[in-house]
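Welcome, and thanks for opening the viewer. Please load the model and get ready to select a few residues at a time.

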Amino acid sequence: MEGGLSPWMMSPQGANMYDNMEDVPLGITGVDPCLDKNGENHRTSRFEMMNRHKMNTGNPVLVVRRGQPFHLKVYCDRPYDEEKDVISFMLSVHPMDGERVSHGHGTVVHLPLQKADDDADEDESDWRAVLETQEDEVLTISIRPSARASVSKWNLAIDTKQVGFDQVINANVSVDFYLLFNPWCENDYVYLEDEKLREEYVLSDTTMIWRGCNRSFHPTVWKLGQFERDILECSFVLLSTVGRVSATYRGNPVRVARALSATVNSNDDNGALMGRWGNEFPDGTPPTKWIGSVEILQQYYASGTSVRYGQCWVFSGVLATISRALGIPCRVVSNFNSAHDSEASLTIDYYIGENNNHLDEFSSDSTWNFHVWNEMWMQRPDLGEKSGEQYDGWQVVDATPQELSDGMYKLGPAPVKAVKCGEINVNYDCDFVFAEVNADEIYWRYTGPGQPLKLVKKDPTKIGQFISTKAVGSWDREDITESYKYEEKSCDERITMMKALKQASSSFARIYTNEEFHDIDFDVEIRNDVKIGESFTIILNLKNNSDDTPYSIEGMVHVDTVLYTGKLRTPLKAIPFEEEVQPNSTASVELHVEFEEYYSNVLDQNYFKIICSASVLGTNYEYFAEEDYRVRKPDIKINLDNEPSIGLPLYITATLQNPMPIPLTNGVFRFECSGVWQPVEIPCDYIEAGDTAYIKFRMTPQLTGSAQIAAKFNALELNDVDGFASFEVTEDTSELNAGRSLKSSLVFA
């Protein structure tokens with residue numbers, strides 16, 4: 001028996017029910033769910049619930065994928081006689097919250113045992129039970145779930161009877177199993193052809209999320225942990241209980257994706273995660289302190305209460321974990337200069353006063369430094385037979401609560417192909433996604449009631465830059481901007497924009513336009529590699545292109561601290577200027593910001609908004625520019641002190657240099673590792689200015705294969721510091737790791 005399992009037990013069921021012992025129905029005494037074999041074949045061997053017997057943590061539960069056979073060993077009280085014995089399998093979905101299951105809804109299935117050589121005429125995607133082999137009293141059975149079956153927790157029970165007799169014997173054994181989507185099955189709606197893509201988007205339990213601004217962005221490691229304790233169970237709770245997707249429709253990835261986009265946030269229900277976009281989190285965990293999804297989902301599963309707090313990348317990381325746990329290929333996508341079109345106009349309109357202050361009461365449109373959402377891979381048969389293939393593939397699904405869709409805070413699935421083509425009316429929410437990546441940003445000057453608005457700036461290129469995701473098989477960034485939009489300022493891009501505007505019935509004509517003026521060029525210059533603790537300088541360069549006309553220019557350069565969403569803007573420092581620039585000459589204005597000036601005022605993640613405005617005297621021309629900026633934080637460096645082997649201690653050294661001229665106090669390092677069920681937290685009370693902290697600790701990997709360590713450091717003076725290391729865990733064959741006992745995974749009568 002597989003994995004050194006204990007002997008099966010005999011059952012005395014029904015022995016006295018028949019006068020002739022030859023007529024006694026076959027008795028079932030035990031079922032072996034073949035965890036190792038099924039785990040390998042279905043790529044589910046890393047799920048914690050599949051390994052409980054090895055780790056002495058409880059009874060294991062089988063996890064398999066639909067559309068693909070899984071195997072059971074069935075133990076009988078005598079040899080099976082195919083001429084006399086009839087074996088049937090009854091499979092039913094575990095009902096949740098009182099939902100009803102039935103044959104008509106495909107949530108109850110009755111399967112007679114067939115011979116392996118039977119010529120089955122049914123569709124390959126139908127359910128089927130086949131006798132693979134027989135060795136004395138042991139039968140090897142193959143159960144093939146339908147490729148359209150409900151993605152749920154199922155129960156399998158066994159009935160037996162004899163030919164010519166009506167008496168049915170219900171075996172006192174059954175097997176529970178979780179059935180997942182199957183990207184390896186061609187008949188599944190989520191089929192993904194390339195094995196490297198399946199490895200990356202379904203099986204990889206760690207990813208990278210890019211954050212920052214278009215001038216300076218960096219990756220943050222995120223432990224998805226889809227195989228860890230409670231994650232799969234929590235995913236089904238969110239889908240069925242919170243999302244209210246009945247078992248009948250849980251096999252439809254479109255319905256699943258749309259429901260999950262609502263249940264990850266808590267705005268309309270008791271979802272997994274509560275959002276907050278301020279800069280204070282006294283009653284919860286700041287979003288920058290999370291290192292992955294595991295603790296969030298485990299905490300939610302244990303308490304049933306929304307976890308506090310998340311922001312866009314946290315919502316996206318949690319949704320990616322749930323999606324991969326359920327078997328839907330999923331990746332995390334970051335969009336820089338991401339538009340939030342609250343008016344469905346496909347333009348982002350800003351109104352500024354005479355002092356360049358934003359008049360938020362005129363419009364709630366905004367541009368985020370970055371925004372993070374997900375893409376899920378699936379077919380779209382719901383869009384019709386002809387249009388389905390056109391929009392199959394990656395679908396935008398966003399769990400961050402931004403705007404209502406069908407009365408709830410959810411978004412998607414929106415086909416990326418439809419977004420690129422400007423088909424904004426395709427289901428679901430393509431108009432919002434199109435604006436996020438391709439809206440025109442427009443600035444209007446407001447000078448008072450009754451005065452005409454003046455268009456001071458129109459930028460068709462700023463929105464939707466460096467759209468990024470983790471590259472397949474590496475820790476590099478893959479730029480996928482071209483999958484969302486045509487090249488900026490190209491004919492295709494402008495045609496697509498006009499096409500979308502016409503569909504939205506939104507006027508693009510602007511009455512008040514800037515005077516055409518090319519004699520003066522303005523350019524904002526900022527160093528992008530400044531570390532926190534250093535000063536930085538903003539330079540506005542002025543160039544007079546005229547051969548004979550000097551120009552007088554007056555204006556202001558100022559910098560504000562701001563959240564990455566553009567909110568809570570606080571003035572930091574400003575410098576007014578007046579410059580006369582001679583023909584064919586240049587001039588510059590510099591604003592120097594010291595660490596001591598910005599540190600005490602900086603918000604959350606060290607974001608700044610740089611604003612430059614100017615008027616060319618004697619003309620009607622105004623210059624206005626906003627730039628996002630962020631000082632860079634240090635990295636945690638991680639080194640392995642010995643070779644990683646399963647079941648043996650792995651010794652690790654982590655280092656962090658304090659780049660600031662002030663000490664770091666009350667710091668905490670947090671480490672999470674693939675295949676290690678518990679995180680490690682290590683306090684670090686004090687790091688002197690310029691000094692380096694050395695942290696040594698150990699973890700014990702529980703699974704072989706690729707693994708990652710994700711690190712996070714937070715102190716009173718500096719937070720949201722990341723680091724990661726990737727490595728391979730090998731099987732140890734030494735005596736130190738020998739003789740580990742395995743608990744039996746048999747189900748006995």
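Before we start, keep in mind that this is a predicted model.

**Stop 1: the domains**

Begin by colouring the chain by domain. The assignment gives domain 1 (28-180), domain 2 (195-336 + 375-438 + 463-504), domain 3 (520-630) and domain 4 (637-734). Notice that domain 2 is written as three segments of sequence: 195-336, 375-438 and 463-504.

**Stop 2: where domain 1 meets domain 2**

Now show domain 1 and domain 2 together. Their centres, taken over C-alpha atoms, are 34 Å apart. Domain 1 brings 23 residues to the contact, and domain 2 brings 21 residues. Between them the two domains bury about 1,900 Å², with 57% of that area on carbon and sulfur atoms.

Eight residue pairs, both at pLDDT 80 or more, are in polar contact between domain 1 and domain 2. On the side of domain 1 that touches domain 2, β2 and β9 (169-180) are the elements that give two or more residues. The largest share of that side comes from β9, with three residues.

The interface also holds two salt bridges. For a salt bridge to zoom in on, select E233 and R52, whose closest N and O atoms are 3.2 Å apart.

**Stop 3: R128**

Select R128, which lies in strand β6 (residues 128-135). Is R128 buried or exposed? Its relative accessible area is 13%, so R128 is buried, the cut-off being under 20%. Show side chains here and you will find a polar contact of 2.8 Å between those of R128 and Q114. For a sense of distance, draw a line to the C-alpha atom of L62: R128 and L62 are 66 residues apart along the chain, and their C-alpha atoms are separated by 18 Å.

**Stop 4: helix α3**

Move on to helix α3 (residues 195-203), where R198, E200, Y201, V202 and L203 are buried. What do the buried residues of α3 pack against? Their partners are β2 (62-65), α7 (312-326), β14 (330-340), β17 (393-398), β23 (465-470) and β24 (477-479). At the start of the helix, select D194 as well: one of its side-chain oxygens comes to within 2.8 Å of the backbone nitrogen of K196.

**Stop 5: helix α10**

Now pick helix α10 (residues 430-438). Eight of its nine residues are buried, so α10 is largely enclosed by the rest of the structure. To see them, select C430, F432, V433, F434, A435, E436, V437 and N438.

**Stop 6: the annotated positions**

An unreviewed UniProt entry lists N438, D440, E488 and E493 under "binding site". These residues are spread over 56 residues of sequence, yet they cluster in space, with a largest C-alpha distance of 11.5 Å.

Click on D440 in strand β21 (residues 440-445). D440 has 1% relative accessibility and counts as buried. Then click on E493, placed in helix α11 (residues 491-503). E493 likewise counts as buried, at 1% relative accessibility.

Finally, which residues does E493 touch, leaving aside its neighbours within four places in sequence? Show N438, P460, Y486, E487 and E488, and you have the contacts of E493 on screen. N438 and E488 are also among the positions that UniProt lists.

Methods:
Residues numbered from 1 in each chain as written. Predicted model: local features only at pLDDT ≥ 70, side-chain atom pairs only at ≥ 80, totals over all residues. Heavy atoms only, no water. Helix = DSSP H or I, 4+ residues; strand = E, 2+ residues; numbered from the N terminus. Buried < 20%, exposed > 50% of the residue type's maximum accessible area, 1.4 Å probe, protein only. Polar contact = N/O pair within 3.5 Å; in protein donor to acceptor, adjacent residues only side chain to side chain. Contact = heavy atoms within 4.5 Å. UniProt positions renumbered as here; feature names shortened; annotations may be inferred. Domains from an automatic or database assignment. Buried area = accessible area lost by both parts, 1.4 Å probe. Salt bridge = Lys/Arg side-chain N within 4 Å of Asp/Glu carboxyl O.
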